[in-house]
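This briefing covers helix packing, nonpolar cores and a surface patch. The structure comes first, followed by notes grouped by topic.

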Amino acid sequence: MHSVNYSTDEMKPLKIKVAAIVVVLSLCYACVIAEQAKRTYIVRMDKSNMPERFTHHSLWYDSSLKSVLKSASMLYRYENVIHGYSARLTTEEAESLGKQSGVLSVLPDVRYELHTTRTPEFLGLGNNSALIPTTASTSEVIVGILDTGVWPELKSFDDSELGPVPSGWKGKCEVGKNFSSSSCNKKLIGARYYLQGYEAALGPIDETMESKSPRDDDGHGTHTATTAAGSVVPNANLLGYASGTARGMASHA
């Protein structure tokens with residue numbers, strides 16, 4: 001065994017490097033803890049209360065957010081059902097934002113577990129033709145589903161018995177992995193996907209498990225969409241058992 005002796009002067013650079021590494025690691029750890037403390041909040045704004053100095057409400061939203069955290073950025077901006085935006089904030093930043101004039105509410109994003117029901121009979125509507133018309137091929141009814149996506153090749157999305165797309169439709173068919181514009185038709189008239197909030201909270205999507213598109217890799221969204229408005233599919237069965245006609249609540253929507 002050999003022993004090595006270092007002089008005090010030789011040890012100084014080593015101590016400085018070690019100290020520098022410790023400082024860097026400490027800063028990185030602090031950054032990780034700070035990011036983990038953030039969560040997504042939905043900020044609802046009173047659009048009619050926008051100060052006159054702003055020429056557009058989006059500028060007002062950005063200013064309100066930057067007032068509590070200069071480096072913050074909006075995940076989404078909402079302009080239809082509600083007015084406002086979503087962003088990643090700490091509890092303290094969210095509370096501070098909620099005290100501002102014109103802010104109606106600052107609500108934390110909630111992660112829900114998927115649940116489902118079975119068939120129209122669950123609602124006692126199985127034989128009610130007045131509520132579930134079956135003859136008209138043209139319908140102005142549009143059903144929106146916010147779920148895990150759709151599997152467009154399913155026979156429940158067949159559009160051969162349907163008329164033209166409703167005249168009031170203003171949506172779009174957004175393309176992505178395993179989902180092209182031809183995935184939409186007169187039954188599945190539009191599909192979109194939103195991932196910024198998910199990735200901000202849970203990290204990048206694992207594309208070996210999920211598609212960055214409206215494609216349903218889980219099955220739940222396809223089930224709920226076809227339960228609501230699936231086309232009529234005769235001789236549907238499960239592995240040859242329980243043969244019958246599958247249909248949605250509003251099969252011509």
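Contact here means heavy atoms within 4.5 Å. The model is predicted. With that cut-off, the buried residues of α2 pack against β1 (39-45), β2 (74-78), β3 (84-89) and α3 (91-98).

**Helix α2**
- The helix spans residues 57-66, and its buried residues are H57, S58, W60, Y61, S64 and L65.
- These residues lie on the same side of α2, because they cover an arc of only 160° around the axis.

- In soluble globular proteins, nonpolar side chains tend to be buried together.
- The largest nonpolar core has 16 residues, of which V43, M45, L65, Y85, L89, L97 and V106 touch the most other members.
- At least two residues of this core come from each of β1, α2, β3, α3 and β4.
- L65 is both a buried residue of α2 and a member of the largest nonpolar core.
- Setting aside neighbours within four places in sequence, V106 has contacts with Y41, I42, V43, A94, L97 and G98.
- Another core, of seven residues, lies apart from the largest one, and its members include F179, C184, A191 and A225.

**Surface patch**
- V141, V143 and I145 make up a nonpolar patch on the surface, and their accessible area together is about 220 Å².
- V143 sits in the loop between β4 (103-108) and α4 (196-202).

Methods. Residues numbered from 1 in each chain as written. Predicted model: local features only at pLDDT ≥ 70, side-chain atom pairs only at ≥ 80, totals over all residues. Heavy atoms only, no water. Buried < 20%, exposed > 50% of the residue type's maximum accessible area, 1.4 Å probe, protein only. Helix = DSSP H or I, 4+ residues; strand = E, 2+ residues; numbered from the N terminus. Arc of directions from axis to C-beta. Patch = residues over 30% accessible without salt bridge, like charges linked within 9 Å, V, L, I, M, F, W, Y side chains within 5 Å. Areas by Shrake-Rupley, 256 points an atom, 1.4 Å probe, with all protein chains shown as cover. Salt bridge = Lys/Arg side-chain N within 4 Å of Asp/Glu carboxyl O. Core = buried A, V, L, I, M, F, W, Y, C linked by side-chain atoms within 4.5 Å.
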